[in-house]
Amino acid sequence: MTYWLIKSEPTDYSIDDLAKAGTEPWDGIRNYQARNMIRDTMAIGDQALFYHSSCKVPGIVGLAKIASDAYPDPTQFDRNARHYDPKSDKNTPRWLLRDIAFVRKLSRIITLQELKQQDSLSDCRLNQRGNRLSVFPVEPAHWRLILNLE
DNA sequence: GCCAACGTTGGC
DNA sequence: GCCAACGTTGGC
């Protein structure tokens, strides 16, 4: 059982989109470190903080949970997809994904600015420099701390 | 295997 | 739109 943080650009896919869909294949991850965690460490039922990035107010906006095992991301073979990967072979797909399910929206956005002000979260990956991974594990203590800010 | 060039992420 | 901090690619 691992807690996660997953990022999404709200203009691309927001927490409201997930709320409407209920469950959604979490596609487009094209980073080996992220791929390995999706494949090896994630488990069905794991919970995740849903984070909005590259937007006016970056921050945590909701909760989701992992809803499937890992399987090949179909968008890697789609010539017209944004994350098409011509070098990925259908017999040994390079990129995997999992379905994620909507749990709930937070009552308010817990902003990145706020999270940065928490001394106890200074060793959370979110607050470390050059943090560009779109998915990473969150310590249980950090998880509780973050949700207590809600 | 090194490393420069290039591409991407994401806050600001 | 800028730029820091990566990750990836490809020549050698």
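Which residue in β7 is the bridge partner of isoleucine 66? It is isoleucine 100. The model is predicted.

**Overall build**

Chain A holds four helices and eight strands. Along the sequence they follow the pattern β-α-β-α-β-β-β-β-β-α-β-α. The radius of gyration of chain A is 15 Å, close to the 15 Å that the globule rule gives for 150 residues, so the chain is as compact as a globular protein of that length. The C-alpha trace spans about 45 × 30 × 30 Å along its principal axes.

**The sheet**

Six strands make up an open sheet. Their order is β2-β7-β4-β3-β1-β8, and the pairing is mixed. β2 (23-25) and β8 (135-138) are the edge strands, each pairing on one side only. Direction ignored, neighbouring strands of this sheet are turned by 35° against each other on average.

| Strand pair | Bridges | Direction | A bridge pair |
|---|---|---|---|
| β1 and β3 | five | parallel | tryptophan 4 (partner in β3: alanine 48) |
| β2 and β7 | three | antiparallel | proline 25 (partner in β7: aspartate 99) |
| β4 and β7 | seven | antiparallel | isoleucine 66 (partner in β7: isoleucine 100) |

β1 covers residues 3-8 and β3 covers residues 47-52. Side chains in a regular strand alternate between the two faces of the sheet.

**Helices on the sheet**

**DNA strand C**

Which residues surround DNA strand C? They are Tyr32, Gln33, Lys87, Arg129, Gly130 and Arg132. Sugar and phosphate account for 72% of the DNA strand C atoms that come within 4 Å of the protein. By class, the surface near DNA strand C has three charged, two polar and one nonpolar residue.

A base is also contacted. An N or O atom in the side chain of arginine 132 lies 2.7 Å from a base oxygen of DNA strand C.

Methods
Residues numbered from 1 in each chain as written. Chains lettered and ligands numbered in written order. Predicted model: local features only at pLDDT ≥ 70, side-chain atom pairs only at ≥ 80, totals over all residues. Heavy atoms only, no water. Pairing = 2+ DSSP bridges. Helix = DSSP H or I, 4+ residues; strand = E, 2+ residues; numbered from the N terminus. Axes fitted to C-alpha atoms, helices over the stretch in contact; angles between N-to-C directions. Near = heavy atom within 4 Å. Polar contact = N/O pair within 3.5 Å; in protein donor to acceptor, adjacent residues only side chain to side chain. Nonpolar A, V, L, I, M, F, W, Y, C, P; charged D, E, K, R; others polar. Rg over C-alpha atoms; globule rule 2.2 N^0.38 Å.
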